[in-house]
Amino acid sequence: MKPALPGLHHVTAITANAQKNHDFYTQTLGLRLVKLTVNFDDPSSYHLYYGDSVGSPGTIMTFFAGEGAIPGRIGNGQATTTVFSVPIGTMNTWRARLEKAGFPVKQLEVWGQQRLEFTDPDGLQLALSEDKDSKEDGISGFAGVVLGLARPAESHRLFTETLGFELVAEDSERRLYRSQHSWMETLTAPGANGRMGAGTVHHIAWRTPDDAHQELWLERLQGQGLRVSPVMDRNYFHSIYFREPGGVLFEIATDPPGFTVDQPLEELGRKLVLPSWLEPHREKIQRFLPPLKLPQATPDFQSLGS
Ligand code: ZN
């Protein structure tokens, strides 16, 4: 069988305000803060991870928080919209909930499914797709991502011939690719190039089950002439990075070890966690980080009402 990436692992974007970001993703969207740490490459800023109750791969939305970061521009070479999955029949509940929180929404039908589009406090484009059969009202993880591509033909070849995506639909404006757990929608209309900054996606990460599979992807991608990073230890997963031909930064991240590697499940996200090599500098690091108010208990969708 042809190797294939099973689906999204996480999406990482940039926020200019950690507190507003935290309040929106936990209170309005009902996700759990599963890890509060710093950007390992720049410990003067937070790295916030949100997800389901355990931070399962496929549910993890993460943010680099550069206080006062300059707004970016959404465009080619980026994931332009991140789409979460919600249960069938919950569109009206979600519409009311978002509008009540002050976030205007646009409802549309895409590929036969209801989609609710809105932006987060930084202007990051998000959507909810009504596509799950579930008794819970909440977000169950990612449905997929929309990508703006500078070179759609070259990206198409990589997606279908190397990464194992299947082209399942297309019209004059977009193409829809599927993997086992996620889809990728690409915009074929030529657009302006994006510029990284607050309110834009930094990279998207695809799942792989373990280090051995990741090693195979590394070799396979290098075999295609792509420049791939060495394996990086991100504490909660191991990562390799490469840029697909359309300009979007892709990562392939391992499912293990996950967020309970350095905190018990019930304490996930309750306090700042630092990797071992930064722990000796905790006091100094905390002095530079802006204060962030965390709730005593993690809110959930039910307790907030609609
Ligand atoms: Zn990542």
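Predicted model: local features only at pLDDT ≥ 70, side-chain atom pairs only at ≥ 80, totals over all residues.

Mentor: Take the lining of the second largest pocket: its residues split into 4 nonpolar, 7 polar and 5 charged. The pocket itself has a volume of about 270 Å³. Among its 16 lining residues, T80, T81, Q125, V146 and L187 are the closest to the centre. As for where the lining comes from, strands β5 (78–87), β7 (113–119), β9 (142–148) and β12 (183–187) each contribute at least two residues.

Now for the metal. The zinc ion is held by H10 through NE2, H203 through NE2 and E251 through OE, at 2.0 Å. Along the chain those donors follow the spacing H-x192-H-x47-E. H203 belongs to strand β13 (residues 201–208) and E251 to strand β16 (residues 249–254), so this pair ties together parts that are 48 residues apart in sequence. Both H203 and E251 are buried.

The model has 18 aromatic pairs, and one of them is W206 with F250, edge-to-face, at 5.8 Å centre to centre and 65° between the planes. W206 sits in strand β13 and F250 in strand β16, 44 residues apart, so here too distant parts of the chain are linked. W206 is buried, at a relative accessible area of 0%, and F250 also counts as buried at 0%.

Ring pairs join F24, Y25, Y50, F63, F103 and F118 into a cluster. R220, meanwhile, lies over the face of W217, 4.3 Å from the ring centre.

Notes: Residues numbered from 1 in each chain as written. Heavy atoms only, no water. Donors = N, O, S within 2.8 Å, 3.2 Å for Na, K, Ca; no water. Helix = DSSP H or I, 4+ residues; strand = E, 2+ residues; numbered from the N terminus. Buried < 20%, exposed > 50% of the residue type's maximum accessible area, 1.4 Å probe, protein only. 1 Å grid on protein atoms, 1.4 Å probe; cavity = no way out; pocket = protein on both sides within 12 Å on 5 of 7 lines; lining within 4 Å. Points joined across faces, edges and corners; volume = space filled by probe spheres on them. Nonpolar A, V, L, I, M, F, W, Y, C, P; charged D, E, K, R; others polar. Phe/Tyr/Trp six-rings, centres within 6.5 Å; stacked < 30°, edge-to-face > 60°. Lys NZ or Arg CZ within 6 Å of the ring centre and 35° of its normal.
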